[in-house]
Amino acid sequence: MDANIDALVALIQKADPKRIARSDDRPMDHFRWTGEAWEGLVTNDAGVEYRPRINLLGCRSFNCTCPDKRSRGRLVGPCKHVISLAKAGLDQMAVFAG
């Protein structure tokens, strides 16, 4: 579990500070742990749903269905939705650990 916490913290630290700040405006509507990844659902103000995913077992990776991830994700790191999911995952793991 500690390695997963470290991975989520590292993912957040990898992000652009502006995206980290904007992630607070996009909290997860729903999220779950699949046994190998965190998956989430976040809805923007226009009602469009995005689905971030953070794989923690096997090949660690992250992805999101948002346009920002598709167009600039490789250049600037995780989108605000992935960051929001990482924060939600950390909060959930803290509940189970505490």
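In the predicted model, the side chains of Glu39 and Arg32 form a salt bridge with an N to O distance of 2.8 Å. Glu39 also pairs with Arg53, in a salt bridge of 2.2 Å, N to O. The latter pair links distant parts of the chain, since Glu39 belongs to strand 2 (residues 37-43) and Arg53 to strand 4 (residues 53-55), 14 residues apart. Glu39 is partly exposed, with a relative accessible area of 22%, and Arg53 is likewise partly exposed, at 24%. A network of salt bridges links Arg32, Glu36, Glu39 and Arg53.

Across the whole structure, five salt bridges are found. One of them joins the side chains of Lys87 and Asp24 at 2.7 Å, N to O. Asp24 is exposed, with a relative accessible area of 53%.

Lys87 has a further partner in Ser23, and a polar contact of 2.7 Å joins the two side chains. Ser23 is part of helix 2 (residues 17-23) and is buried, with a relative accessible area of 2%. A polar atom of the Ser23 side chain also lies 2.6 Å from the backbone oxygen of Ile20. When residues up to four places away in sequence are not counted, Ser23 touches Lys80, Ile83, Ser84 and Lys87.

Helix 1 (residues 2-14) comprises 13 residues and reaches 18 Å from its first C-alpha to its last, close to the 18 Å expected at 1.5 Å a residue. Its buried residues are Asn4, Ala7, Leu8, Leu11 and Ile12. These residues cover an arc of only 135 degrees around the axis, and therefore lie on the same side of helix 1. The exposed residues Asp2, Asp6, Gln13 and Lys14 are carried on the face of helix 1 turned away from its buried side.

The search of the whole structure for disulfides returns zero. The cysteine sulfur closest to that of Cys64 is in Cys66, 3.8 Å away, which is too far for a bond. Cys66 is in no disulfide either, as the nearest cysteine sulfur, that of Cys79, is 3.7 Å away, beyond the 2.5 Å cut-off for a disulfide. Both Cys64 and Cys66 are buried, with relative accessibilities of 4% for Cys64 and 1% for Cys66.

Definitions and conventions
Residues are numbered from 1 along each chain as its sequence is written. This is a predicted model: local features need pLDDT of at least 70, side-chain atom pairs count only at pLDDT 80 or more; totals for chains, interfaces and linings use all residues. Side-chain values use heavy atoms; hydrogens and water are left out. Helices (H or I, at least four residues) and strands (E, at least two) are DSSP runs, numbered from the N terminus. Buried means under 20% relative accessible area, exposed over 50%, partly exposed in between (1.4 Å probe, protein chains only). A polar contact is a pair of N or O atoms within 3.5 Å; within protein, one must be able to donate a hydrogen and the other to accept it, and residues adjacent in sequence count only if both atoms are side-chain atoms. Contact means heavy atoms within 4.5 Å. The expected span of a helix is 1.5 Å times one less than its number of residues. The arc is that of the directions from the helix axis to the C-beta atoms. A salt bridge is a side-chain nitrogen of Lys or Arg within 4 Å of a carboxyl oxygen of Asp or Glu.
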